[in-house]
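This briefing goes through one protein model by topic, from overall form to single residues. Please keep the sequence and the structure in view while reading.

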Amino acid sequence: MDYNPLYSHASKVYGLPGFEPAVVDADYLKDLGVEVVPSAHTLEGLERGSSVFASRLAGRTLIPRTSFELSQIDPSAVKTEIHNYTGRCPALTYEINPVRGCGAGCLYCLVTDGVHEQSLVAYDNYHLYVRELLDRMNGPQSPNQNHYYYFSPKTEAFQEATLYTGIAHRVLMEFISHFERFPESQARLFVASKAGIRHLEYKYDGVSVLDLFQQLKGRMQFNTSVSIMPDALRDLLEPYTAPLQDRLKAVLACRERGVQANSALVQPIFTPSLTPDGIKDFFDRLHDAGIINYKPEFLTACMENLAMLGQYLGYFDKSLERQLYSDYIGPANADHLKQRGRTAPDRALSVECIHRMREYTDTLGMSVSICYWVRKQLGITEQDIPLINRNGFQCLGYQSRLF
Ligand code: SF4
């Protein structure tokens with residue numbers, strides 16, 4: 001099924017004036033002024049990524065096609081996935097992923113490493129699995145269990161494939177019906193989404209996502225997901241998502257409906273954007289939209305992916321590109337790896353960047369919550385950032401007071 005995206009920057013991705021992909025190799029880095037000398041293995045990754053990037057750009061397969069297949073699931077055969085990538089996540093959280101692939105098409109995607117050549121498959125009857133999962137985990141046998149249901153960690157919950165088909169609406173209606181049947185249920189819906197206002201206002205059968213959210217107030221939270229990078233770069237790297245101002249309008253609309261929406265997933269963070277002005281500009285916008293907590297997460301990227309992201313950043317500012325490579329490719333940082341070999345920025349720099357952000361966000365009264373993996377990697381103590389902070393948020397931005 002072909003569709004018209006609610007937001008699109010595709011023409012910018014394929015029509016960037018004067019942009020020519022290059023090969024990020026030793027000479028390229030030297031000419032750029034990068035002083036750290038990467039290992040041969042790192043260089044191989046950067047070179048490989050450069051050539052894959054050039055061929056995807058030429059073949060116009062860099063970002064998703066605006067189409068999806070509709071399919072059915074066997075609700076009893078879906079593997080129940082617990083969202084616990086670190087092995088020490090504090091909440092028992094079940095995943096809701098009604099689409100295979102993702103139409104948002106982020107070029108740094110944590111799930112696909114920015115590869116969007118596969119076709120999208122949307123599961124039309126996915127709500128039947130959600131019904132079965134809620135009954136099993138928070139039904140008559142276990143109504144008092146505190147469980148989050150995360151919609152959606154592996155895809156965007158509110159994308160065209162879930163909105164135009166009513167899949168997203170049906171998933172939400174399952175939660176509404178669950179609470180009607182089990183008013184005491186301790187199931188809580190955790191939404192992390194790049195949705196803009198157009199997504200949340202989208203009506204299926206005359207009912208908008210916001211209408212359904214309203215019926216779940218007190219039992220759900222909506223956490224917007226926003227990246228720190230130059231706005232023009234965001235348009236390229238998140239080609240089918242809403243601009244920042246529309247995501248913040250979505251946040252405001254949720255709160256107008258009484259829905260908890262005051263924490264943000266701030267990811268990915270491009271370290272070169274964390275200048276004093278960059279930090280102030282970004283967090284002022286969040287603060288003005290009523291965000292009181294944020295979970296920072298730095299860009300993690302395999303070297304293949306980094307070669308593309310660096311070149312796009314360099315299109316706007318070569319000095320930022322130089323800094324990006326310098327922050328990631330040093331041999332001493334080669335073991336700073338998250339899932340599937342994605343490299344995080346230099347550890348000392350990461351700690352400094354967290355301090356830099358906090359120095360400003362403290363003046364706005366904002367709290368911080370962080371992932372267990374980041375805490376461990378960077379040696380951040382519970383005295384520094386408590387497991388549950390003063391506003392009740394922990395790790396991903398789960399609001400503990402929802403229970
Ligand atoms: S919205 Fe999330 S899952 Fe979708 S492409 Fe972007 S990073 Fe990947």
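The model is predicted. Among the elements that cover the buried residues of helix H12 are H3, helix H9 (231–237) and helix H13 (318–328).

**Helix H12**

- Of the 14 residues of H12, 12 are buried, so the helix is largely enclosed by the rest of the structure.
- The buried residues of H12 are Met-303, Glu-304, Asn-305, Leu-306, Ala-307, Met-308, Leu-309, Gly-310, Gln-311, Tyr-312, Leu-313 and Gly-314.
- The end C-alpha atoms of H12 are 20 Å apart, which agrees with the 20 Å that its 14 residues should span at 1.5 Å a residue.

**Overall form of the chain**

- The protein chain holds 15 helices and 16 strands.
- The radius of gyration of the protein chain is 21 Å; a compact globule of 403 residues would have one near 22 Å, so the two agree.
- Of the 403 residues in the protein chain, 47% are buried.
- Taking contacts between residues at least 6 apart in sequence, 82% join residues at least 24 apart.

**The largest nonpolar core**

- This core has 111 residues, and within it Tyr-149 and Phe-213 touch the most other members.
- Which residues does Phe-213 contact, leaving aside its neighbours within four places in sequence? They are Met-220, Phe-222, Cys-254, Arg-257 and Val-259.

**Helix H10**

- H10 (residues 244–256) has 13 residues and reaches 19 Å from its first C-alpha to its last, close to the 18 Å expected at 1.5 Å a residue.
- Leu-244, Arg-247, Leu-248, Ala-250, Val-251, Ala-253 and Cys-254 are the buried residues of H10.
- An α-helix has 3.6 residues a turn, so residues three or four places apart point the same way.
- The cover over the buried residues of H10 includes helix H7 (197–200), helix H8 (209–215), strand S9 (220–228), H9 and helix H11 (276–288).
- Cys-254, one of the buried residues of H10, is also among the contacts of Phe-213.
- Gly-258 follows H10 and has a positive phi, near 85°.

**Ligand shell**

- Around the ligand are Cys-102, Ala-104, Gly-105, Cys-106, Cys-109, Leu-110, Val-111, Thr-155, Glu-156 and Lys-194.
- By class, the shell around the ligand divides into 6 nonpolar, 2 polar and 2 charged residues.

**Backbone exceptions**

- Most residues other than glycine have a negative phi, and most peptide bonds are trans.
- Phe-151 and Ser-152 are joined by a cis peptide bond, with omega about 5°; Ser-152 is in the loop between strand S5 (147–151) and helix H5 (160–163).
- Gln-267 and Pro-268 are also joined by a cis peptide bond, with omega about -10°, and Pro-268 is found in strand S10 (residues 263–269).
- Arg-60, which is not a glycine, has a positive phi near 55°. Arg-60 lies in the loop between H3 and S1 and counts as exposed because 11 other C-beta atoms are within 10 Å.
- Cys-395 has a positive phi of about 30° although it is not a glycine. The place of Cys-395 is the loop between strand S15 (393–394) and strand S16 (398–399), and Cys-395 is buried because it has 21 C-beta neighbours inside 10 Å.

- Arg-65 is in the loop between helix H3 (40–58) and strand S1 (68–71). With 15 other C-beta atoms within 10 Å, Arg-65 is partly exposed.
- Arg-65 and Glu-117 are 52 residues apart along the chain, and their C-alpha atoms are separated by 8.1 Å.
- Met-173 is in helix H6 (residues 167–181) and is partly exposed, with 18 other C-beta atoms within 10 Å.
- Met-173 and Leu-212 are 39 residues apart in sequence, and 7.1 Å apart in space, C-alpha to C-alpha.

Key:
Residues numbered from 1 in each chain as written. Predicted model: local features only at pLDDT ≥ 70, side-chain atom pairs only at ≥ 80, totals over all residues. Core = buried A, V, L, I, M, F, W, Y, C linked by C-beta atoms within 7 Å. Buried ≥ 20, exposed ≤ 12 C-beta atoms within 10 Å, placed from the backbone. Contact = placed C-beta atoms within 7 Å. Helix = DSSP H or I, 4+ residues; strand = E, 2+ residues; numbered from the N terminus. Expected span 1.5 Å × (residues − 1). Near = placed C-beta within 6 Å. Nonpolar A, V, L, I, M, F, W, Y, C, P; charged D, E, K, R; others polar. Rg over C-alpha atoms; globule rule 2.2 N^0.38 Å.
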